[in-house]
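Keep the structure open as you read.

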Amino acid sequence: MPQLDQQQESVAESSSTPPVSIPLPEVELTPQLTYQLLTAEFAGQRGALRLSADLYLKTAQETRDPRLAQRATRIAIYARDADTALTAALLWVELSPEELEAYQSTAALLIRNDRSNEARPYLEKVLELSAADPTEGYLLLANLLSRDANKSRALGMMKELVGDQEPDALYAQASLAHQLEENEQAARLLDQLLEKQPEHSQARLLQASVLHSLGRDEAALESLRLAVKQDPDNDQLRLTYARMLIDARHLPEARKEFAILIRHQPDNTDVRYALGLLALEAGDNDIAENHFKRLIDTPEQGAEARFALGQIAEIRKHPAEAIEWYQSVPMGERFLDAQLQVTRLIAKEQGVDVARAYLHELPLTEPNEQVQRYLAEGELLASEERYEDAMDLYDEALVLFIDNRQLLYARALTAEKLDRLDILEQDLKRILHNDPDNTQALNALGYTLTDRTNRHREALGYIERAYQQNPDDPAILDSLGWALYHLGRLEEAQQYLERAAAMLEDGEIAAHLGEVLWARGRKEEAKRVWNEALKFAPEHKVLQQTVERFNP
């Protein structure tokens with residue numbers, strides 16, 4: 001059977017509430033009934049889900065058997081047959097008046113079909129049947145009402161059904177508001193809850209998620225910090241806190257939390273791997289190596305650990321050892337990445353031709369893997385300025401993989417090195433024909449046209465399209481500033497180039513910014529920009545050529 005989407009699956013799955021004992025009808029299994037049941041089942045197995053649901057529903061109506069009504073409901077949900085599913089669910093409720101899942105399914109189907117007001121009695125019954133665990137009942141309601149397209153109606157009905165006095169009721173309302181992306185309201189509800197019950201760790205966890213959605217990451221971290229302090233033995237809570245610390249780049253604090261977690265869970269491979277990465281980030285290579293070596297034989301993190309050990313060997317300038325680790329990475333997601341690292345090291349130690357031979361021996365059969373092999377080989381040739389050979393390689397690859405964007409882009413950049421701007425323009429425009437919003441192609445085409453031709457207005461148009469999609473990309477900001485400079489809009493050019501330079505230390509950006517400052521008569525500032533750039537990019541060709549041209 002086809003898989004349900006997430007919302008359908010939550011309707012069709014069984015409730016965690018213990019099954020209710022239902023008196024089943026005494027029905028004789030006649031040949032006709034047997035035939036109907038077998039036909040319904042075979043229809044479902046052959047993908048005729050609507051027919052299967054109809055037959056099960058018909059049989060349920062005839063026999064009054066709640067099990068068949070349940071089966072009809074579930075199959076109709078799979079088939080996305082809303083009318084049959086609702087008819088079956090209503091019959092299921094009628095035949096099993098104390099079964100929670102029947103009421104859940106009926107309410108969910110009504111809500112999804114914009115009939116939330118009709119769902120109310122079924123929601124009330126969900127609460128009644130969850131009386132032994134009202135918190136679970138509240139959260140079931142939140143999950144069901146989250147499917148209502150009318151957010152205001154869903155939130156209002158939730159408040160009416162659960163009230164706003166009990167902390168768990170506030171938590172469920174906040175959970176619903178968060179699911180509906182009404183995060184300001186969720187934050188207010190959680191503030192009320194935590195004022196009543198500050199030690200509610202789940203509320204702290206939800207508050208962190210809400211605050212993160214609102215872009216208030218530091219406040220989210222503070223909420224989690226308090227939650228961990230209040231519930232220090234809750235490892236899931238601590239893990240969430242540690243991961244959010246990583247996202248916020250608070251790496252030393254994250255490392256401390258993971259160190260606590262590994263003491264609690266010494267066999268947790270994810271935690272140990274995170275500790276290894278954090279140690280590697282901090283430059284503690286011996287500690288990182290110890291963590292990764294304890295993971296190399298685990299199915300979960302073995303490949304990643306071997307890859308990381310290769311990186312450590314590279315940092316230590318032990319290329320033979322790095323190659324050995326990379327070559328030990330098994331087939332799987334990391335295999336190709338590891339082999340490309342081996343290729344790069346072989347090129348450095350033994351030459352590009354030996355590295356190319358190694359590439360050709362790799363057992364790569366998937367189309368994407370073969371594309372990556374062509375790209376890697378092209379980069380090897382470009383590293384030795386063998387641009388004609390690289391062009392021949394990309395021509396060959398594009399016969400096999402017509403219109404592949406990565407290959408077209410790589411050939412375009414290679415064509416620029418050979419002053420074949422006709423090929424560059426042809427390939428980048430081909431990418432844009434198939435993907436008009438491809439920022440990489442828009443930026444490359446715009447930059448080349450303004451840098452290598454007099455088509456500055458046309459170039460600006462391409463770059464502005466890229467900028468609209470990604471206004472914080474320093475490469476796009478540099479292109480925009482450079483195009484504006486060529487159009488004589490010097491003040492604007494300076495603003496964009498200064499933004500780019502503040503975001504990224506790059507020789508070309510510095511060269512462009514200095515040239516704009518020089519054109520504006522601010523020669524001493526231009527010299528300072530160039531001199532600073534020569535400290536971090538002393539061999540950058542564009543920067544060197546710019547400095548020599550102006551001879552400051």
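Start with a cluster: Trp518, Trp530 and Phe550 come together as one aromatic cluster. Rings of Phe, Tyr and Trp (its six-membered ring) count as a pair if their centres lie within 6.5 Å; planes under 30 degrees apart are stacked, over 60 edge-to-face, and the rest tilted.

A word on the source. This is a predicted model, in which local features need pLDDT of at least 70, side-chain atom pairs count only at pLDDT 80 or more, and totals for chains, interfaces and linings use all residues. Residues are numbered from 1 along each chain as its sequence is written, and side-chain values use heavy atoms, with hydrogens and water left out.

The whole structure holds 9 aromatic pairs. One of them joins Tyr103 and Tyr122: the ring centres are 6.2 Å apart and the planes meet at 40 degrees, so this pair is tilted. Tyr103 sits in helix α6 (residues 100-112) and Tyr122 in helix α7 (residues 116-129), so the pair ties together parts 19 residues apart in sequence. Helices here are DSSP runs (H or I, at least four residues), numbered from the N terminus. Tyr103 is buried, at 8% relative accessible area. Buried means under 20% relative accessible area, with a 1.4 Å probe and protein chains only.

Tyr273 and Phe292 make another pair. Their ring centres are 5.8 Å apart and their planes lie at 55 degrees, so this pair is tilted. Tyr273 belongs to helix α16 (residues 269-281) and Phe292 to helix α17 (residues 285-293), so the pair ties together parts 19 residues apart in sequence. Tyr273 is buried at 14% relative accessibility. Phe292 is buried at 0%.

Now turn to helix α8 (residues 134-145). Its 12 residues should span 16 Å at 1.5 Å a residue, and its end C-alpha atoms are 16 Å apart, which agrees. That expected span is 1.5 Å times one less than the number of residues. Which residues of α8 are buried? They are Gly137, Tyr138, Leu140, Leu141, Ala142, Leu144 and Leu145. Their cover includes α6, α7, α9 (151-162) and α10 (167-179).

Conventions: Helix = DSSP H or I, 4+ residues; strand = E, 2+ residues; numbered from the N terminus. Buried < 20%, exposed > 50% of the residue type's maximum accessible area, 1.4 Å probe, protein only. Contact = heavy atoms within 4.5 Å.
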